[in-house]
Amino acid sequence: MREAQAYNEAYDLLGKMLAGAPESVDLLYDQAMIAEKLDRIDVLERNLRKVIELQPDHAHAYNALGYSFADRNTKLDEANTLISKALALSPNDHFIMDSMGWLLYRQGKLDKAYEYLQAAYAAQADAEIASHLGEVLWKMNRQDEANQIWEDALKNNPDNEVLLSTIKKFKR
């Protein structure tokens with residue numbers, strides 16, 4: 001359902017499954033990720049906090065909650081605490097490195113953001129990481145490099161919404 005972008009149906013199904021297993025870490029996490037797609041940030045936050053409570057070493061729950069704050073440019077201090085914890089639990093995870101880079105970008109720390117995002121992109125040439133790295137490069141007045149990163153990412157991910165939205169924002 002997620003891949004078919006049937007987010008409402010997936011959210012409802014996960015809700016029904018959670019009714020029978022309210023402390024299922026996997027179901028709570030999956031519903032949180034779907035809730036984000038539906039702009040149900042209250043559910044995302046509640047579920048991820050519950051996952052962290054139930055499984056304090058769940059690096060991706062810390063990361064997802066911290067990233068959601070950084071992406072919305074809110075609660076940046078808490079986002080830093082959460083993403084730092086995720087990095088401590090899983091220091092080589094490219095998605096967590098991406099989140100730290102995105103947080104640092106939101107905090108205006110472009111050089112440090114670039115370091116994290118470059119490392120994340122070198123580990124995994126993911127479209128969203130490319131989107132973030134390109135945006136940081138653009139803000140660093142390195143537009144040619146940003147364009148190259150985006151063009152490379154588009155070859156393998158021509159329909160990625162985050163990538164397309166970022167490119168549109170900067171290449172009007």
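Predicted model: local features only at pLDDT ≥ 70, side-chain atom pairs only at ≥ 80, totals over all residues.
1. Basis. Local features need pLDDT of at least 70 and side-chain atom pairs count only at pLDDT 80 or more, while totals for chains, interfaces and linings use all residues. Residues are numbered from 1 along each chain as its sequence is written, and side-chain values use heavy atoms, with hydrogens and water left out.

2. Core. The largest nonpolar core holds 58 residues, and M33, L48, L65, L103 and W150 have the most contacts inside it. Such a core is a set of buried Ala, Val, Leu, Ile, Met, Phe, Trp, Tyr and Cys residues joined through side-chain atoms within 4.5 Å. Buried means under 20% relative accessible area, exposed over 50%, and partly exposed in between (1.4 Å probe, protein chains only). Beyond its neighbours within four places in sequence, L65 is in contact (heavy atoms within 4.5 Å) with L44, E45, L48, R49, I52 and L82.

3. Helices α9 and α10. Helices are DSSP runs (H or I, at least four residues), numbered from the N terminus. α9 (residues 143–156) and α10 (residues 161–170) pack at about 145°, with axes 11 Å apart. The axes are lines fitted to C-alpha atoms over the stretch in contact, and angles run from 0 to 180 degrees between N-to-C directions. From α9, W150, A153 and L154 meet L163, L164, T166, I167 and F170 of α10.

4. Faces of α10. L163, T166, I167 and F170 are buried in α10. Viewed down the helix axis, the buried residues of α10 fall within an arc of 95° (taken from the directions from the axis to the C-beta atoms), so they line one face of the helix. These buried residues pack against α8 (127–139) and α9. E161 and K168, on the other side of α10, are exposed.

5. Y105. This residue lies in α6 (residues 94–106) and is buried, at a relative accessible area of 11%. Not counting residues up to four places away in sequence, Y105 touches L110, A113, E135, V136 and K139. The C-alpha atoms of Y105 and N73 are separated by 10.0 Å, with the two residues 32 apart along the chain.

6. Positive phi. Most residues other than glycine have a negative phi. D39, not a glycine, has a positive phi of about 60°; D39 sits in the loop between α2 (25–37) and α3 (41–54) and is exposed at 59% relative accessibility. N141 also has a positive phi, near 60°. N141 is in the loop between α8 and α9 and counts as exposed at 63% relative accessibility.

Key
Helix = DSSP H or I, 4+ residues; strand = E, 2+ residues; numbered from the N terminus.
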